[in-house]
Amino acid sequence: MGTTIREILGNRPVRAVTPETTMQEAARMMAEHGVGALAVVEGDRLVGILSERDIVFRGVGAGEEKGQTLVSEIMTAAPVTVDIEDPISDALAMKLGNAFRHLPVMEEGRLVGLLSYRDIPTEYVILYERFREMSGANSDK
């Protein structure tokens, strides 16, 4: 089955904010913890994900200068998720690295982590890319 997402995440804490958190507070938290994305939760329910790109493109790039925009206005709502027991290949198949740079990780319906594209060992990415190339070449025949 291969290495699971659980093995990659280990015991890393989940960094999260609420939809009412300001963009500035969220950016400060990202900088403080050295992360590129935060889960957005209401109670124990995942409602979105906020990435550096969301802040730059939907916040600052859209004219927000004071940082008082709420996370709920710029987050990606209802994000694609993966299960903690899924193999790394499943995360890559969900376009981690292409469409998404971060994926919320769930266990029995609960948020337990955020998987970053940077978390995936390089050899897995290379193998997956080769597989995609070979699959594409075979489908052209």
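This is a predicted model: local features need pLDDT of at least 70, side-chain atom pairs count only at pLDDT 80 or more; totals for chains, interfaces and linings use all residues.

Reader: Which residue stands opposite Met-106 of E6?

Author: That residue is Asp-83.

Reader: What is the order of the strands in the open sheet?

Author: The order is E5-E6-E7, three strands in an open sheet with mixed pairing. The strands at the edges are E5, residues 82-83, and E7, residues 110-116, and each of these pairs on one side only.

Reader: How many helices and strands does the protein chain have?

Author: The count is six helices and seven strands. Along the sequence they follow the pattern α-β-α-β-β-α-α-β-β-α-β-β-α.

Reader: How do I read a pocket?

Author: The general idea is that a probe the size of a water molecule, rolled over the atoms, shows where empty space is left. In this model the largest pocket has a volume of about 420 Å³. Its lining has 22 residues, and those closest to the centre are Ser-51, Arg-53, Phe-100, Arg-101 and His-102.

Reader: Which elements give two or more residues to the lining of the largest pocket?

Author: They are strand E3 (45-51), helix H3 (52-59) and E6. H3 gives the most, with four residues.

Reader: How do the residues of that lining divide into nonpolar, polar and charged?

Author: The lining of the largest pocket has ten nonpolar, six polar and six charged residues.

Reader: What is the volume of the second largest pocket?

Author: The second largest pocket holds about 220 Å³ of space. Its lining consists of 13 residues, and Arg-12, Val-35, Gly-36, Ala-37 and Leu-114 lie nearest the centre. Sorted by class, the lining of the second largest pocket comprises five nonpolar, four polar and four charged residues.

Reader: How do I read a salt bridge?

Author: Look for a side-chain nitrogen of Lys or Arg within 4 Å of a carboxyl oxygen of Asp or Glu. By this rule there are five salt bridges. One of them joins the side chains of Glu-85 and Arg-6, at 2.5 Å from N to O.

Reader: Why does the pair of Glu-85 and Arg-6 tie together parts that are 79 residues apart in sequence?

Author: Glu-85 is in the loop between E5 and helix H5 (88-93), whereas Arg-6 is in helix H1 (residues 5-9), so the pair ties together parts that are 79 residues apart in sequence.

Reader: Are these two side chains buried or exposed, and does the scale have a step in between?

Author: The scale does have such a step: buried is under 20% relative accessible area, exposed is over 50%, and partly exposed is in between. Glu-85, at 37% relative accessibility, counts as partly exposed. Arg-6, at 34%, also counts as partly exposed.

Reader: Which residues are linked with Arg-6 in a network of salt bridges?

Author: Glu-85 and Glu-107 are linked with Arg-6 in that network. The side chains of Arg-6 and Glu-107 meet in a salt bridge of 2.5 Å, N to O. Arg-6 belongs to helix H1 and Glu-107 to strand E6, so this pair ties together parts that are 101 residues apart in sequence.

Reader: With which residue does Asp-119 form a salt bridge?

Author: With Arg-12, the closest N and O atoms being 3.0 Å apart. This pair links distant parts of the chain, 107 residues apart: Asp-119 is in the loop between E7 and helix H6 (122-139), and Arg-12 is in the loop between H1 and strand E1 (16-17). Arg-12 counts as partly exposed, at 37% relative accessibility.

Reader: How should I read a single residue in a helix?

Author: Take its place, its accessibility and a distance. Phe-57 is in helix H3 and is exposed, with a relative accessible area of 54%. Its C-alpha atom is separated by 8.8 Å from that of Ile-74, 17 residues apart along the chain.

Definitions and conventions
Residues are numbered from 1 along each chain as its sequence is written. Side-chain values use heavy atoms; hydrogens and water are left out. Two strands pair if DSSP finds at least two bridges between them. On a 1 Å grid over the protein atoms alone, a cavity is a set of points where a 1.4 Å probe fits but cannot get out, and a pocket is an open set with protein on both sides within 12 Å along at least five of seven lines; lining residues have an atom within 4 Å of a point. Grid points are joined across faces, edges and corners, and a volume is the space filled by probe spheres set on the points. Ala, Val, Leu, Ile, Met, Phe, Trp, Tyr, Cys and Pro count as nonpolar, Asp, Glu, Lys and Arg as charged, and the others, Gly among them, as polar. Buried means under 20% relative accessible area, exposed over 50%, partly exposed in between (1.4 Å probe, protein chains only).
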